[in-house]
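This briefing goes through a protein model by topic. Have the sequence and the 3D view open while reading.

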Protein chains: 2
Amino acid sequence: MALIVQKFGGTSVGSTDKIKNVAKRVLRHQQQGHQVVVVLSAMSGQTDTLLGMAAEMQHLPDLRESDMLLATGEQVTIALFAMAIKGAGSNAVSLLGDQVRIITDAMHTKARIKEIETDVIRKHLDAGRVVVVAGFQGVTSEGEITTLGRGGSDTTAVALAAALKADACEIYTDVEGVYTADPNICAQARKIDMITYDEMLELASLGAKVLEIRSVGLAKRYKVPLHVRSTFSENEGTWVVEEERIMESMLVSGITYSRKEARITITGVPDQPGVASKIFQPISDAGILVDMIIQNTREGQLTDITFTVLRTDYARTMEMLQKTIANIGAESVKGDESIAKLSIVGVGMRNHSGIASTMFQVMANEGINIMMISTSEIKVSCIIAEKYTELAVRSLHSAFALDKNNLPEEE
Amino acid sequence: MALIVQKFGGTSVGSTDKIKNVAKRVLRHQQQGHQVVVVLSAMSGQTDTLLGMAAEMQHLPDLRESDMLLATGEQVTIALFAMAIKGAGSNAVSLLGDQVRIITDAMHTKARIKEIETDVIRKHLDAGRVVVVAGFQGVTSEGEITTLGRGGSDTTAVALAAALKADACEIYTDVEGVYTADPNICAQARKIDMITYDEMLELASLGAKVLEIRSVGLAKRYKVPLHVRSTFSENEGTWVVEEERIMESMLVSGITYSRKEARITITGVPDQPGVASKIFQPISDAGILVDMIIQNTREGQLTDITFTVLRTDYARTMEMLQKTIANIGAESVKGDESIAKLSIVGVGMRNHSGIASTMFQVMANEGINIMMISTSEIKVSCIIAEKYTELAVRSLHSAFALDKNNLPEEE
């Protein structure tokens, strides 16, 4: 008898019929003798509907109230799902983050899990119930509802799997697994059978929508076997595993892109010690993540600082920077929301040079200007104009032969 | 500086624009120096939408899961409302039943309030915040979410007003107050300026939709001054007060009807001691309220027992009775969902005879058969076929001259 955590995203539970189908699928696992904890997202579209209403109420909706609002989405699906299991003749119970006791910090809309209690879940599992947990949400020790940020249901699932020492964490989605590139814009994209935690971390952080990055980090830390697979088929999906389990790694495992970021440039920044801290400390204090940062010395004592934030944080960041540039005596702040971040990822890069320069050459051949570059041991990322996204993905996919097994040549 | 509890129903907060308008109205009261606690229902239609989805999941949706599901409706409105107050430049905080600590029993979907803590609310009020509380919901001492039944937001509002010793409890609605009859089916209906708790109790229990009965009972017990008024105008509505405050009472204050009940008849019941208990104890144990009960001895040892329950409990009751009639050896159980309960209410009846017989005469003149009769000190109710509802209301309104002040003649 195995203990399995199964997470279903918004498209998998996007209608009452879909919920009933997923419930039947979960029941099959229970009837095979497994204990099953189900983690659910809100019905697809629901979170956006709620955010739309929030935006009508307040220019920048209060974060604490946003969490109060958004947490309802998952509450609806878990209740309906538990009913569906009961309607199919088995037993189930739905639990909110508060009721499981998924304790988080108080950083509203992007809270982090501090602790998960497992007593309540185990009690229900031992009583033969399917336990249906609201993804995406937690509660502070003071009883305030928090949410974990977009895609937080993956994090809930992996964190629960780790806390319960589950045998597997299955992430169900509307695609067959993790692909070498987004199949919607690259017809040659191929499903990956196995990928390392590190590669998946990069892909997730760089825009692959299939898994949320924190969930992969958690899975890596606690060695939770992660299986990304389709809600609508019985096919094996993509296993995310430790590197030791993969015999030969690809040079480039995948290409990904993100249109979720915006670029901000502060011009004419006095080149003095402490000025970067004055710019980035308030942003960090507001819980806004800054991704790439580039500093160009322009002339004499002045520099330009360019960095990227999520578009959802763009308005808040620009508002904060108006004060900042007055404080530090900078010239101006400019922003650009029409950018994309394009990345190639592969653990094979570690031992092979020339990957980045091939990438730059491909872009140059297509006439695509690279605005910012960022590299790590196993990835290269470029910021480009958003309109070139599809073209760049297809060209790179072809250049690195990702439609075939692109094992590195012996050197 | 007064402390006012203001309750807004689903139609008052039925859209984002309406929520913003109501928020402005509440803010005006706060700016006049009052402390305001707002109690909100779910957006109109939302509860029905959720119930519709639940019915697709499970034939008789699990009650615990129904509460989990339904409680989301109010959670959405309070979060949006708090944002709207903040968006208008003031301060607010939304609180769930669990966060206020509105402690109820564990009777899911029709829980009763056991205790309300006021510390959290007072703390926020003293900090200058509008406190926005989710109506309709509470929590058991074990942390399970409960709901108070349809119209439970009124109960939440009055219970909060009592617990906080508020100066007034204003119930906002989409009509101008309490009417002598439903204006939708009786054009002559007139707004009542003042009515006693007892009359309002009868009207509410007999189908007047403007106030939920438990809220009126609570208001009476704790002498909470209740003001039923329109969300969309500044006019005075109907005050619900103690009888001593009304100089002269009408003979009949109002006529009301309910189409929410169903009639059930068990035929051929052996006329033995304990048989009624065998019928009604399981129904009561399931939390189903039985209204009128009539027993007709038919022949020898057999009787027929007829009673009414809410239509929402009808399917469950009929299902339970299949077992019961086998147990007690009764003949059959029959049901009729096409009935209406018609009632006339007035404290003036206490000292005046002939009201009931006038009512029966009016019905006879219109050819309406009376199936069941029930009376109290200040009301007379009849069960009739549903199709005669409008006709009966209009005829009685006219017969008792409710469009004028129908003070009783001196005797």
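In this predicted model, 100% of the interface residues of chain B are also interface residues in chain A, so the two copies meet through the same surface.

**Confidence**

- The average pLDDT of chain A is 91, and 96% of its residues score at least 70.
- For the complex, the predictor gives an ipTM of 0.74 and a pTM of 0.76.

**How the two chains meet**

- Chain A puts 27 residues into the contact, and chain B puts in 26 residues.
- On the side of chain B that touches chain A, the elements giving two or more residues are helix H1 (16-31), helix H2 (46-57) and helix H3 (63-87) of chain B.
- Of these, H3(B) gives the most to that side, with 13 residues.
- Sorted by class, this side of chain B has twelve nonpolar, nine polar and five charged residues.

**Symmetry**

- Two copies of a chain are related by a rotation about an axis and a shift along it.
- Here, chain B is superposed on chain A by a rotation of 180° with 0.0 Å of shift along the axis, and the RMSD is 0.1 Å.
- This is the relation of a two-fold axis.
- Which residue of chain B comes closest to the rotation axis? It is Thr72(B), whose C-alpha is at 2.6 Å.

**Fold of chain A**

- Chain A has twelve helices and 20 strands.
- Its radius of gyration is 23 Å, close to the 22 Å that the globule rule gives for 411 residues, so chain A is as compact as a globular protein of that length.
- The C-alpha trace of chain A spans about 75 × 55 × 30 Å along its principal axes.
- Buried residues make up 48% of the 411 residues of chain A.
- Taking contacts in chain A between residues at least 6 apart in sequence, 75% join residues at least 24 apart.

**Nonpolar cores**

- The largest nonpolar core has 231 residues, and those that touch the most other members are Phe81(A), Val132(A) and Val132(B).
- Not counting residues up to four places away in sequence, Phe81(A) touches Val13(A), Ile19(A), Ala23(A), Val38(A), Leu40(A), Ser94(A) and Val132(A).
- A second, separate core has five residues, among them Val269(A), Ile279(A), Leu321(A) and Ala330(A).

**Loop residues of chain B**

- Met107(B) sits in the loop between strand E4 (102-104) and strand E5 (113-116) of chain B.
- Met107(B) counts as partly exposed because it has 16 C-beta neighbours inside 10 Å.
- Beyond its neighbours within four places in sequence, Met107(B) is in contact with Arg112(B) and Gly287(B).
- Met107(B) and Thr146(B) are 39 residues apart in sequence, while their C-alpha atoms are 7.5 Å apart in space.
- Most residues other than glycine have a negative phi.
- Thr109(B), which is not a glycine, has a positive phi of about 75°.
- Thr109(B) also lies in the loop between E4 and E5 of chain B, and 19 other C-beta atoms within 10 Å make it partly exposed.
- Phe136(B), likewise a residue other than glycine, has a positive phi near 80°.
- Is Phe136(B) buried or exposed? Phe136(B) is buried, because 30 other C-beta atoms lie within 10 Å.
- Phe136(B) is found in the loop between strand E6 (130-134) and strand E7 (137-139) of chain B.

Methods
Residues are numbered from 1 along each chain as its sequence is written. Chains are lettered from A and ligands numbered from 1 in the order in which they are written. This is a predicted model: local features need pLDDT of at least 70, side-chain atom pairs count only at pLDDT 80 or more; totals for chains, interfaces and linings use all residues. Helices (H or I, at least four residues) and strands (E, at least two) are DSSP runs, numbered from the N terminus. The radius of gyration is taken over C-alpha atoms; the globule rule is 2.2 Å times the number of residues to the power 0.38. A residue is buried if 20 or more other C-beta atoms lie within 10 Å of its own, exposed if 12 or fewer, and partly exposed in between; C-beta atoms are placed from the backbone. Two residues are in contact if their C-beta atoms, placed from the backbone, lie within 7 Å. Ala, Val, Leu, Ile, Met, Phe, Trp, Tyr, Cys and Pro count as nonpolar, Asp, Glu, Lys and Arg as charged, and the others, Gly among them, as polar. Copies are superposed by least squares on the C-alpha atoms of residues with pLDDT of at least 70 in both. pLDDT is the predictor's confidence in each residue, from 0 to 100. A nonpolar core is a set of buried Ala, Val, Leu, Ile, Met, Phe, Trp, Tyr and Cys residues joined through C-beta atoms within 7 Å.
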